[in-house]
Amino acid sequence: EGAAQVEKTDAEKLVEKMEAKLLAQKPWSMRGEVHGRERPQNSLLDDDFPVEYASRMPPLVTEEVTRGLEERLKRRIREKVWDDVQPKLELTSVGDWKAKATPLDSEKSKLGLVDLYEKDYLEKLRLQALQNPTGEQEGEERELTEEEKRERQVIQMWRELSTMLDALCNSHFVPEAVPTDNDLRVVLAG
């Protein structure tokens with residue numbers, strides 16, 4: 001019983017010490033936004049504050065890094081790899097330059113936008129006809145396989161189930177109108 005009592009008092013003392021530490025006045029650097037008159041003069045110079053930078057730190061420059069960079073540059077010079085953005089044109093005369101230069105046209109087009117779209121559409125149709133000489137189009141109806149029929153049936157069942165679940169879950173759901181007796185007619189075969 002004595003050891004348990006001593007341990008209990010030690011725990012209580014530890015709790016009291018921690019509470020006192022937590023309730024004590026914090027230093028100015030731990031209080032958040034502090035005005036200049038609430039902290040000692042030149043106290044910013046005494047503390048070391050961690051600052052996070054958004055940019056990457058530059059790589060350490062060592063002899064190995066420098067040597068590797070120099071070797072890479074020398075190899076690329078020997079191989080004549082320049083990584084030019086635009087390849088240089090081999091021009092021997094002014095005629096070559098005029099032949100390779102892209103013409104700039106500043107005249108207004110004679111065709112309207114509708115005409116341009118129509119021309120593109122007709123060109124696509126012509127290319128499709130050349131690629132598919134049988135005349136069979138992709139969107140053409142064909143006989144469905146059993147698997148496709150089952151898939152369509154499942155999709156239809158899912159749509160019906162979703163409609164029913166929406167009706168249960170949404171208080172603002174408006175179901176389709178149920179036909180009234182006035183809409184029903186009896187047709188007698190003559």
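The report below takes up confidence, overall build, salt bridges and aromatic rings in turn.

## Confidence of the model

This is a predicted model, and the mean pLDDT of the protein chain is 78, with 73% of its residues reaching 70 or more. Confidence is highest in helix α3 (residues 63-79), at a mean of 91, and lowest in helix α4 (residues 94-100), at 66. Where pLDDT is low, the predicted coordinates should not be read in detail.

## Overall build

The protein chain has 6 helices and 0 strands, so that from the N terminus on its elements read α-α-α-α-α-α. Of its 190 residues, 1% count as buried, and its accessible surface comes to about 20,300 Å², with 56% of that belonging to carbon and sulfur atoms.

## Salt bridges

The structure holds 2 salt bridges. One of them joins the side chains of E63 and R67, at 3.9 Å from N to O; these residues are 4 apart in helix α3 and therefore separated by about one helical turn. E63 is exposed, with a relative accessible area of 65%, whereas R67, at 42%, counts as partly exposed.

The side chains of R126 and E123 also meet in a salt bridge, at 2.5 Å from N to O, and here the residues are 3 apart in helix α5 (residues 113-131), again about one helical turn. R126 is partly exposed at 43% relative accessibility, and E123 is partly exposed at 35%.

## Aromatic rings

The count of aromatic pairs comes to 0. The ring of W28, however, has the charged end of R39 sitting over it, 5.6 Å from the ring centre.

How values were computed: Residues numbered from 1 in each chain as written. Predicted model: local features only at pLDDT ≥ 70, side-chain atom pairs only at ≥ 80, totals over all residues. Heavy atoms only, no water. Phe/Tyr/Trp six-rings, centres within 6.5 Å; stacked < 30°, edge-to-face > 60°. Lys NZ or Arg CZ within 6 Å of the ring centre and 35° of its normal. pLDDT = per-residue confidence, 0-100. Helix = DSSP H or I, 4+ residues; strand = E, 2+ residues; numbered from the N terminus. Buried < 20%, exposed > 50% of the residue type's maximum accessible area, 1.4 Å probe, protein only. Areas by Shrake-Rupley, 256 points an atom, 1.4 Å probe, with all protein chains shown as cover. Salt bridge = Lys/Arg side-chain N within 4 Å of Asp/Glu carboxyl O.
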